[in-house]
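Biologist: Could you walk me through this model, one question at a time? I would like to see how each answer is reached.

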Amino acid sequence: MLLTRANLPDTIADIAALDELLCRPSQALIDDLAKVDGDIMILGVAGKMGPTLAGLAKAALPDRRVIGVARFSDAGVKGWLQARGVETIHCDLLDEAAIKLLPQVRNIIFMAGRKFGAEGDLSLTWAMNAHVPALVAQALRTRGSWRSRPAASIRSCR
């Protein structure tokens with residue numbers, strides 16, 4: 001079902017209903033994503049926004065591969081994604097060799113990161129937010145599996 005103003009619910013009964021609503025694409029999103037050539041891989045898909053982003057992308061592009069990559073510390077997230085048709089790959093993005101084994105996909109969305117100020121391991125926070133992006137960029141750049149786009153061509157959500 002498409003997301004339109006006319007079919008917004010008056011109330012949201014539970015988390016499952018909220019998930020369904022958040023993964024319901026608008027026609028504008030479907031049209032925009034139809035212009036994107038190739039499949040989509042989301043790195044760090046198991047975080048706060050990644051599952052919804054992947055579910056929404058898959059709903060908008062049901063005939064394309066949407067691949068979610070994460071450590072999947074919470075196995076429930078992996079099942080949630082798979083139930084929506086999102087392929088999942090377990091990968092520790094701190095492992096350069098593992099990154100090099102990821103499939104070649106034209107469109108990569110980088111969602112991995114760790115909140116600064118979070119309790120615990122400060123070195124892991126720095127590694128996830130500074131080292132991992134460099135590892136990913138280097139590994140995927142040398143394979144020629146990605147392409148950069150000028151900032152002006154990136155459109156915001158409607």
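**Questions on a predicted model**

Modeller: Leaving aside its neighbours within four places in sequence, R24 is in contact (heavy atoms within 4.5 Å) with M1, L2, L3, N7 and L56. This is a predicted model, in which local features need pLDDT of at least 70 and side-chain atom pairs count only at pLDDT 80 or more, while totals for chains, interfaces and linings use all residues. Residues are numbered from 1 along each chain as its sequence is written, and side-chain values use heavy atoms, with hydrogens and water left out.

Biologist: Is R24 buried or exposed?

Modeller: R24 has its place in the loop between α1 and α2, where helices (H or I, at least four residues) and strands (E, at least two) are DSSP runs, numbered from the N terminus. Buried means under 20% relative accessible area and exposed over 50%, with partly exposed in between (1.4 Å probe, protein chains only). At 8% relative accessibility, R24 therefore counts as buried.

Biologist: With which side chain does the side chain of R24 make a polar contact?

Modeller: A polar contact is a pair of N or O atoms within 3.5 Å; within protein, one must be able to donate a hydrogen and the other to accept it, and residues adjacent in sequence count only if both atoms are side-chain atoms. The side chain of R24 reaches the backbone oxygen of N7 at 3.3 Å. Its side-chain partner, at 2.7 Å, is E20.

Biologist: Which residues of helix α4 are buried?

Modeller: On one side of α4, which spans residues 75-83, lie the buried residues V77, W80 and L81. They are on the same side because they cover an arc of only 95 degrees around the axis, taken from the directions from the helix axis to the C-beta atoms. On the other side of α4, A75 and A83 are exposed. What covers the buried residues includes α1 (15-22), α3 (50-60) and β3 (87-90), and the buried residues themselves are V77, W80 and L81.

Biologist: At what angle do the axes of α2 and α3 cross?

Modeller: Axes are lines fitted to C-alpha atoms, for helices over the stretch in contact, and angles run from 0 to 180 degrees between N-to-C directions. L29, I30 and L33 in α2 meet L56, A57 and A60 in α3. The two helices are roughly perpendicular to each other, a term that covers 65 to 115 degrees. Their axes come within 9 Å and cross at roughly 80 degrees.

Notes
Parallel < 35°, antiparallel > 145°, perpendicular 65-115°, else oblique.
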